[in-house]
Amino acid sequence: MAWSVTLSSGQVEHVFTDRASCVIGRSSACDVQVPVEEKKVSRRHCVVEIRPPKVHVRDLGSRNGTRLNDIRLGPEHGDRELVHGDRLRVGDVVLRVAVYSDPDVVSPPGLEIARELGRGGQGVVHLARHSASGELVAFKTLTAQVDPAARTAFVREMECTRALVHPNIVRFHDSSVHNGQLGYSSEYCRGGSVAELGTLPVPRAVELTLQALEGLGHAHTAEIPVRLADGGQTVSRGLVHRDLKPQNLLLTAAGLLKIADFGLAKAFDQAGLSGHTFTGAVDGSLAFMPRRQLLDYKYARPDVDLWAITACLYWMLTGSAPRDFPPGVDPVAVVLRERPVPVRERLATVPESLAGVIDRVLDESSGAGPATAAELAGLLNQDRWCVS
């Protein structure tokens with residue numbers, strides 16, 4: 001059974017998977033230390049008692065009291081039970097409470113499953129803690145019922161993630177098979193995804209895009225293991241992601257961008273030899289996919305990733321994908337027939353020179369886009385948007 005309590009405030013997250021007494025306050029001896037400049041918070045302000053399956057909070061005689069969902073608690077109120085979704089306020093600091101319990105999830109050896117982070121049609125990702133080191137990781141497993149093609153794709157994602165070692169790519173930790181279930185652990189990015197940020201100022205959006213291009217530049221030239229259609233294996237150079245979108249651009253607590261989810265990635269210099277993609281197969285997110293990827297998915301080259309990351313930059317600036325997808329209209333038809341909307345039609349304040357780069361990359365009719373991640377990074381660096 002998986003069971004955990006998470007106390008989170010912004011980018012700071014504390015996860016408990018066993019019995020614990022968590023003291024919150026300004027003192028460096030506290031289990032959760034709030035900034036010392038928070039003068040409304042006492043040195044030992046309150047304590048959260050974690051006794052599975054119950055969780056309680058008790059004020060420790062603080063001067064300003066502890067607020068539970070905006071209701072003030074003092075020491076005279078004793079213990080108050082916490083449930084999933086509660087908010088604890090100490091001074092101006094708000095701690096959100098997440099209580100996770102799933103009797104059907106069994107932790108694999110060496111890991112303690114804490115809570116679910118997200119799921120798709122064929123896989124689920126949990127937050128987990130290494131039993132020995134205490135490090136938090138993301139643990140991804142296949143859902144119970146998947147077809148052989150999905151298992152093959154999952155194995156490919158593991159192999160690709162393991163092979164790519166770069167500061168701007170999510171780091172692989174380990175793989176496992178437990179009770180017949182295939183899974184692997186990787187770096188946990190506390191900052192969530194770019195999709196959760198909303199629209200961003202030009203400097204930050206360009207900065208994140210440049211970080212992504214650093215990771216793509218590595219992926220597009222790295223040596224990658226490739227399984228051949230006949231069951232053999234070879235080594236290829238260069239991997240195209242094929243599914244870049246804001247949800248796959250993750251952030252560390254310090255704001256460093258990491259590319260994730262290489263489930264659709266393909267070694268492009270072995271295109272057609274790996275047996276992973278049938279001609280005409282289409283996957284990924286259409287809103288961030290160029291027309292040429294849709295027409296020739298099997299033989300996608302690195303330039304499709306450059307289009308997609310530019311579409312992500314477009315989204316970071318405007319909050320919209322480059323194309324409009326009207327309700328009731330086949331999205332495949334939209335990608336095939338419609339040109340992207342010029343970015344300044346979405347947001348007139350985008351600098352003209354930056355808009356020129358974005359529109360040029362997204363215009364597939366000209367064939368004049370950059371060929372490499374480094375070339376696109378050079379175009380984005382040509383003006384000092386970081387100070388405009």
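Predicted model: local features only at pLDDT ≥ 70, side-chain atom pairs only at ≥ 80, totals over all residues.
Student: How many helices and strands does the chain have?

Tutor: Helices (H or I, at least four residues) and strands (E, at least two) are DSSP runs, numbered from the N terminus. The chain has eight helices and 22 strands. Of its 388 residues, 49% are buried, where buried means under 20% relative accessible area, exposed over 50%, and partly exposed in between (1.4 Å probe, protein chains only).

Student: How is a pair of packed helices read?

Tutor: Two packed helices are described by the angle between their axes and the distance between the axes. The axes are lines fitted to C-alpha atoms, for helices over the stretch in contact, and angles run from 0 to 180 degrees between N-to-C directions. Here, helix α2 (residues 202–219) and helix α4 (residues 302–318) have axes that come within 9 Å and cross at roughly 160 degrees. That makes α2 roughly antiparallel to α4; the cut-offs are under 35 degrees for roughly parallel, over 145 for roughly antiparallel, 65 to 115 for roughly perpendicular, and oblique for the rest.

Student: Which residues of α2 and α4 make the contact?

Tutor: Contact means heavy atoms within 4.5 Å. On α2 the residues are V202, A205, V206, L208, T209, A212, L213 and L216, and on α4 they are D305, L306, I309, L313, M316 and L317. By class, the contact of α2 with α4 has twelve nonpolar, one polar and one charged residues. Ala, Val, Leu, Ile, Met, Phe, Trp, Tyr, Cys and Pro count as nonpolar, Asp, Glu, Lys and Arg as charged, and the others, Gly among them, as polar.

Student: How does α4 lie against α8: roughly parallel or roughly antiparallel?

Tutor: The axes of α4 and helix α8 (residues 373–380) come within 10 Å and cross at roughly 30 degrees. That makes α4 roughly parallel to α8. In this contact, L306, I309, T310 and L313 of α4 meet A373, L376 and L380 of α8.

Student: Is T310 buried or exposed?

Tutor: T310, which lies in helix α4, is buried, with a relative accessible area of 3%. Not counting residues up to four places away in sequence, T310 touches I358, V361, L362 and L376.

Student: How is a sheet read?

Tutor: Strands of a sheet pair through backbone hydrogen bonds, either parallel or antiparallel. Two strands are taken to pair if DSSP finds at least two bridges between them. In this model, five strands form an open sheet in the order β4-β3-β5-β6-β9, with mixed pairing. β4 (32–33) and β9 (80–81) stand at the edges with a single partner strand each, so one side of each is left without a neighbour in the sheet.

Student: What are the partners of β5?

Tutor: Strand β5 (residues 46–51) runs antiparallel to strand β6 (residues 54–59), joined by six bridges. The two form a hairpin with two residues between them. R51 stands opposite K54 in β6, and the bridge partner of C46 in β6 is D59. Strand β3 (residues 20–25) also pairs with β5 in the antiparallel sense, over five bridges, with C22 opposite V48 in β5.

Student: Why is β5 described as largely enclosed?

Tutor: Five of the six residues of β5 are buried, so the strand is largely enclosed by the rest of the structure.

Terms used. Residues numbered from 1 in each chain as written. Heavy atoms only, no water.
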